[in-house]
Amino acid sequence: MPPRESADAAAEDAALDGVAAAAAGAAQGDAPAASDLAGRYGRTPARRRRDRFVLVGAAIAFAVVLVSWVVWAGLDGSKPLVQATDLGHELLDTRAVEVTWRLSVPSGNATACIVQAYNEDFTVVGWKVVEIPASDRPLRTFTETVRTAQEANTGLISNCWLR
């Protein structure tokens, strides 16, 4: 009598036959096995469409930011420049200082400037807003007297802007 195979041996043989059949199917170009593998690792057509959509969206967002920055930077330089340069100061007495400065502003623009007086600790002890009317000359020199609360050590032009 031939030896009887156990149930485990029969299951083992069936499993080996299945592996051999799967290997033979893969060698023949079994399509379902390849699509299962592609799905397992995220290489599906839907995934490719989503990736393309995200890439196009990121490119559009980058283009919008770049164009916005170029427009902002281009328009920022269009306003006229105002420059004030201190030329000197003279202490008139313990309660007044005279400040002289040069103002450079494009012709036809009215401006305003803040003139400040400082003590020896560089604390503001007096200030004055000076309104300057428009002129045809782009470069002008001004002298203004600033009254102070304490004895001033120096006087400077602080800030100028277009009105």
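Which residues form a nonpolar patch on the surface? I looked this up before anything else. Phe62, Leu66, Trp69, Val70 and Trp72 form the patch, and together they have about 600 Å² of accessible area. I note here that the model is a predicted one.

**Entry: Phe62**

Phe62 sits in helix α3, which covers residues 45-76. Its relative accessible area is 57%, so I list Phe62 as exposed.

**Entry: the whole chain**

I then looked up the overall make-up. The protein has three helices and six strands. Read from the N terminus, the order of elements is α-α-α-β-β-β-β-β-β. The protein has 163 residues, and 19% of them are buried. For the accessible surface I found about 11,900 Å², with 58% of it belonging to carbon and sulfur atoms. I also looked at contacts between residues at least 6 apart in sequence; 62% of these join residues at least 24 apart.

**Entry: salt bridges**

How many salt bridges does the structure hold? I found three, and I went through them in turn.

Arg47 pairs with Asp51, and their closest N and O atoms are 3.6 Å apart. Both residues are in helix α3, and because they are four residues apart, about one helical turn separates them. Arg47 is partly exposed at 36% relative accessibility. Asp51 is also partly exposed, with a relative accessible area of 39%.

Glu144 pairs with Lys128, with 2.6 Å between the closest N and O atoms. This pair links distant parts of the chain, since Glu144 is in strand β5 and Lys128 is in strand β4, 16 residues apart. I have Lys128 down as partly exposed, with a relative accessible area of 31%.

Arg163 pairs with Glu131, and here the closest N and O atoms are 2.8 Å apart. Arg163 is exposed at 56% relative accessibility, whereas Glu131 is partly exposed with a relative accessible area of 45%.

**Entry: Arg140**

Arg140 lies in strand β5, residues 139-147. Is Arg140 buried or exposed? Arg140 is buried, and it has no salt bridge. The nearest side chain of opposite charge is that of Asp136, 9.1 Å away. A salt bridge needs a nitrogen and a carboxyl oxygen within 4 Å. I did find a polar atom of the Arg140 side chain 3.2 Å from the backbone oxygen of Pro133. Leaving out residues up to four places away in sequence, Arg140 touches Trp101, Arg102, Leu103, Val105, Ile132, Pro133, Ala134 and Ser135.

**Entry: Thr111**

Thr111 is in strand β3, residues 111-118. Its relative accessibility is 0%, so Thr111 counts as buried. Which residues does Thr111 touch, not counting residues up to four places away in sequence? I listed Val82, Leu103, Val105, Val130, Glu131, Ile132, Trp161, Leu162 and Arg163.

**Entry: Thr148**

Where is Thr148? I found Thr148 in the loop between β5 and β6. Thr148 is buried, at 10% relative accessibility. The side chain of Thr148 reaches the backbone oxygen of Gln150 at 2.7 Å. Its contacts, leaving aside neighbours within four places in sequence, are Thr94, Arg95, Ala96, Val97, Ala117, Val125 and Gly126. I also checked Thr148 against Lys128: the two are 20 residues apart in sequence, and their C-alpha atoms are 9.9 Å apart.

**Entry: Phe122**

Last, I looked up a residue in another loop. Phe122 lies in the loop between β3 and β4. Phe122 is not a glycine, yet it has a positive phi of about 60 degrees. At 64% relative accessibility, I count Phe122 as exposed.

Technical notes. Residues are numbered from 1 along each chain as its sequence is written. This is a predicted model: local features need pLDDT of at least 70, side-chain atom pairs count only at pLDDT 80 or more; totals for chains, interfaces and linings use all residues. Side-chain values use heavy atoms; hydrogens and water are left out. Patches are made of residues with over 30% relative accessible area and no salt bridge: like charges are joined within 9 Å, nonpolar side chains (Val, Leu, Ile, Met, Phe, Trp, Tyr) within 5 Å. Accessible areas come from the Shrake-Rupley method with a 1.4 Å probe; for residues, only the protein chains shown count as cover. Helices (H or I, at least four residues) and strands (E, at least two) are DSSP runs, numbered from the N terminus. Buried means under 20% relative accessible area, exposed over 50%, partly exposed in between (1.4 Å probe, protein chains only). Lys and Arg count as positive and Asp and Glu as negative; His and the chain ends are not counted. A polar contact is a pair of N or O atoms within 3.5 Å; within protein, one must be able to donate a hydrogen and the other to accept it, and residues adjacent in sequence count only if both atoms are side-chain atoms. Contact means heavy atoms within 4.5 Å.
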